[in-house]
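Keep the structure open while you read.

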Amino acid sequence: MESLVREMQDPENGVPVRQQKMFLTSIPYAFMGYDLIEWLMDHLSIEESEALNIANQLCFHGYFFPVNDTKSLVVKDDSSLYRFQTPYYWPWQHKAPDNVENLKGKWEFISMQAEEQVRLAKERKKGDKIVGDSQERAYWRVHRPPPGQFTPLEPCPVPLRDRQGIKPKKKNVEDYQREVDYLQKSLGRTRMKMSQACESLVTYSETFAEFDFFLHPVLPSNPWVTEDLTFWQLNSAIVDIPTEKRVKRWAISIEELVSDPTGLGEFTTFLEKEYSHENIRFWLAVTKLKRSAQSQVAGRVNEIYE
């Protein structure tokens, strides 16, 4: 991340940094959001969405900060102004901020330092004041964010035993046997990559989105909020003429078709014309067998065989 930020700060080939105007105030050494996104797209050969994601991650880690937005560390692809954070405040070389309890004995030094900062603040220009205030707020938002806010610098919440000086419990034969049994059971389980699972979930959501009445309005009208009962009449269990959306759902899978009484009836009529009615009867019988209690399995298997 830091090597990428250093390339951004290159005076010749980096992100264009110059004095920017914000209302009537001049902000020195600032750059705009769309200049940053465009530089990432050209330099890394990536799309806009990925460039925006990388820019946000760098901002979350405190490598640069927004000048005029003191409430969040978000990069926008517009003319919003940003400044690179001083390398002294980069996460890799900065320790955790001191706690108040550790500063009780340094109160006189803190007071003197605060008075000196107030004196210097009065002498600074308005643009420098805005930059300094944004820089300080960005630092504390990264290193000590408000409760409930996301921070990429959060340490692992589970303490390690070796760091606490506690020796781990010595395993016996039963512990190792339990671990071996667990791993053997794990080998028999099917596994799927997270990327494949996400793609399947997205595909499923896209397929059934138009049939979700939370996402698409009920047609012709919602009978729960109107006195029109046409929707229930068109989508009752058995109808003479099914709606176009209903037929379209049958085409998704055989399960969608046979789970609809009207669809099952239409499919059965078609198979009777093709002299293959026994196929749907066998399929329904096996599906019923899968849902049967253990005591009913033997009898239904014999029925299917007969």
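Predicted model: local features only at pLDDT ≥ 70, side-chain atom pairs only at ≥ 80, totals over all residues.

**Cysteines**

Let's start with the sulfurs. A disulfide is a covalent bond between the sulfur atoms of two cysteines. How many disulfides does the structure hold? The count is zero. As for individual cysteines, Cys 59 is buried, because its relative accessible area of 0% is under the 20% limit. Cys 198 has a relative accessible area of 41% and is partly exposed.

**Aromatic pairs**

Now the rings. A pair of aromatic rings is described by the distance of the centres and the angle of the planes. The structure holds nine aromatic pairs. One of them joins Phe 64 and Phe 84, which sit edge-to-face at 6.1 Å centre to centre, with 85 degrees between the planes. Phe 64 belongs to strand E3 (residues 64-66) and Phe 84 to strand E4 (residues 81-84), so this pair ties together parts that are 20 residues apart in sequence.

Another edge-to-face pair is Phe 213 with Phe 231, at 5.4 Å centre to centre and 90 degrees between the planes. Phe 213 is in the loop between helix H7 (194-208) and helix H8 (230-234), while Phe 231 is in helix H8, so the pair ties together parts 18 residues apart in sequence. Phe 213 has a relative accessibility of 41% and counts as partly exposed. Phe 231, on the other hand, is buried, with a relative accessible area of 14%.

**Salt bridges**

How many salt bridges does the model have? The count comes to six.

| Asp 35 | Arg 18 | 3.6 Å |

Take the salt bridge between Asp 35 and Arg 18. That pair links distant parts of the chain, since Asp 35 is in helix H2 (residues 33-44) and Arg 18 is in strand E1 (residues 18-22), 17 residues apart. Asp 35 counts as buried at 12% relative accessibility, whereas Arg 18 counts as partly exposed at 40%.

Which side is it on, buried or exposed, for Asp 260? Asp 260 is buried, with a relative accessible area of 11%. Arg 246 counts as buried too, at 9% relative accessibility.

Most residues other than glycine have a negative phi, and most peptide bonds are trans. With that in mind, where do you find a cis peptide bond? Look at the bond from Leu 219 to Pro 220, with omega near 5 degrees. Pro 220 lies in the loop between H7 and H8.

Positive phi values turn up at tyrosines. Tyr 29 isn't a glycine, yet its phi is positive, about 55 degrees. Tyr 29 lies in strand E2 (residues 25-32) and counts as exposed, because its relative accessibility of 62% is over the 50% cut-off. Tyr 275 also has a positive phi without being a glycine, about 60 degrees. Its place is in the loop between H11 and helix H12 (277-290), and at 75% relative accessibility Tyr 275 counts as exposed.

**A helix pair**

Last stop: two packed helices are described by the angle between their axes and the distance between the axes. The axes of H12 and helix H13 (residues 297-305) come within 10 Å and cross at roughly 170 degrees. That makes H12 roughly antiparallel to H13, because angles over 145 degrees count that way. Which residues meet here? From H12 come Phe 282, Ala 285, Val 286, Lys 288 and Leu 289, and from H13 Val 297, Arg 300, Val 301 and Ile 304.

Key. Residues numbered from 1 in each chain as written. Heavy atoms only, no water. Disulfide = S-S within 2.5 Å. Buried < 20%, exposed > 50% of the residue type's maximum accessible area, 1.4 Å probe, protein only. Phe/Tyr/Trp six-rings, centres within 6.5 Å; stacked < 30°, edge-to-face > 60°. Helix = DSSP H or I, 4+ residues; strand = E, 2+ residues; numbered from the N terminus. Salt bridge = Lys/Arg side-chain N within 4 Å of Asp/Glu carboxyl O. Axes fitted to C-alpha atoms, helices over the stretch in contact; angles between N-to-C directions. Parallel < 35°, antiparallel > 145°, perpendicular 65-115°, else oblique. Contact = heavy atoms within 4.5 Å.
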